[in-house]
Amino acid sequence: MLQTIKNYLNLHMVKNERNSILLDNCGIGISILCSIHCALTPLLIISTALAGSQMQILERLEMPLFLTAAIIGSVSVIQVYLKTKRPLALYFLFAGLFMIIAGGFIKPESLEPIARISGSIFIIFAHLVNKRKYKSAVR
């Protein structure tokens, strides 16, 4: 199974530095959007009388943002890991994804944005480390 995944990633791997950096930049952008979403959701709920309708719209954004960040992060970080065999970016990515998921289960709910914003920051660090590792590997 692991060999099959590795073969698939090798077939679809980012073939040059420009594409790898673009993928990491997209991942950073999505993670920043996640952080903004998590930070603004409580403020919008507090400051608006339309909290019920706003909440449904904001909750619908959570899963697409998370899945996009997870897919881009996983593809980018795993590809560079397979090339460099340096796991630091993987650790940041997995920690960030875990914090975002755990944020949905944290009690009291007031801690949810803190966990999810922290998770997004970890994913941003994963992409920054990933870019640095990739650049040093191609030199």
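In the predicted model, the residues Leu88, Ala89, Phe92, Leu93, Ala95, Gly96, Leu97, Met99, Ile100 and Gly103 of helix H4 meet Glu112, Ala115, Arg116, Ser118, Gly119, Ser120, Phe122, Ile123, Phe125, Ala126, Val129 and Asn130 of helix H5. Sorted by class, this contact of H4 with H5 comprises 14 nonpolar, six polar and two charged residues. Two packed helices are described by the angle between their axes and the distance between the axes. For H4 and H5 the angle is about 160°, and the axes lie 7 Å apart. Because angles over 145 degrees count as roughly antiparallel, H4 is roughly antiparallel to H5. The crossing in which H4 passes H5 is left-handed.

These two helices belong to a protein chain whose secondary structure consists of five helices and zero strands, so that the pattern read along the sequence is α-α-α-α-α. Of the 139 residues in the protein chain, 35% are buried. Among contacts in the protein chain with a separation of 6 or more, 74% come from residues 24 or more positions apart.

The largest nonpolar core contains eleven residues, namely Phe66, Ala70, Val77, Ala89, Leu90, Leu93, Leu97, Ile100, Ile123, Ala126 and Val129. Two or more residues of this core are given by each of helix H3 (51-84), helix H4 (88-103) and helix H5 (112-138), and the most is given by H4, with five residues. A second, separate core has five residues, among them Cys34, Leu65, Ala69 and Ile72.

Phe66, placed in helix H3, counts as buried because its relative accessibility is 18%, and buried means under 20%. When neighbours within four places in sequence are left aside, Phe66 is in contact with Cys34, Leu97, Ile100 and Ile101; of these, Leu97 and Ile100 are listed in the largest core, whereas Cys34 is included in the second, separate core. The C-alpha atoms of Phe66 and Ile101 are 8.9 Å apart in space, although the two residues are 35 residues apart in sequence. Ile100, with its neighbours within four places in sequence likewise left aside, is in contact with Phe66, Ala115, Arg116, Gly119, Ser120 and Ile123.

One of the residues that Ile100 contacts, Arg116, is found in helix H5. Despite its charged side chain, Arg116 counts as buried, because its relative accessibility is 14%. Apart from neighbours within four places in sequence, the contacts of Arg116 are with Cys38, Glu62, Met99, Ile100, Gly103 and Gly104. Among these, Met99, Ile100 and Gly103 are residues by which H4 meets H5.

Glu62, a further contact of Arg116, is placed in helix H3 and counts as partly exposed, because its relative accessibility is 27%. Leaving aside neighbours within four places in sequence, Glu62 is in contact with His37, Glu112 and Arg116, and both Glu112 and Arg116 are among the H5 residues that meet H4. The separation between Glu62 and His37 is 25 residues in sequence and 8.1 Å in space, C-alpha to C-alpha. Leu61, also in helix H3, is partly exposed, with a relative accessible area of 40%; Leu61 and His37 are 24 residues apart in sequence, and their C-alpha atoms are 8.4 Å apart in space.

Local backbone features were also noted in the loops. In the loop between H4 and H5, where Pro108 lies, the peptide bond from Lys107 to Pro108 is cis, with omega near 0°. The loop between H3 and H4 holds Lys85, a residue other than glycine for which phi has a positive value, near 60°. With a relative accessibility of 47%, Lys85 counts as partly exposed.

Conventions. Residues are numbered from 1 along each chain as its sequence is written. This is a predicted model: local features need pLDDT of at least 70, side-chain atom pairs count only at pLDDT 80 or more; totals for chains, interfaces and linings use all residues. Side-chain values use heavy atoms; hydrogens and water are left out. A nonpolar core is a set of buried Ala, Val, Leu, Ile, Met, Phe, Trp, Tyr and Cys residues joined through side-chain atoms within 4.5 Å. Buried means under 20% relative accessible area, exposed over 50%, partly exposed in between (1.4 Å probe, protein chains only). Helices (H or I, at least four residues) and strands (E, at least two) are DSSP runs, numbered from the N terminus. Contact means heavy atoms within 4.5 Å. Axes are lines fitted to C-alpha atoms, for helices over the stretch in contact, and angles run from 0 to 180 degrees between N-to-C directions. Angles under 35 degrees count as roughly parallel, over 145 as roughly antiparallel, 65 to 115 as roughly perpendicular and the rest as oblique. A crossing is left-handed if the near helix is turned anticlockwise from the far one by less than a right angle, and right-handed if clockwise.
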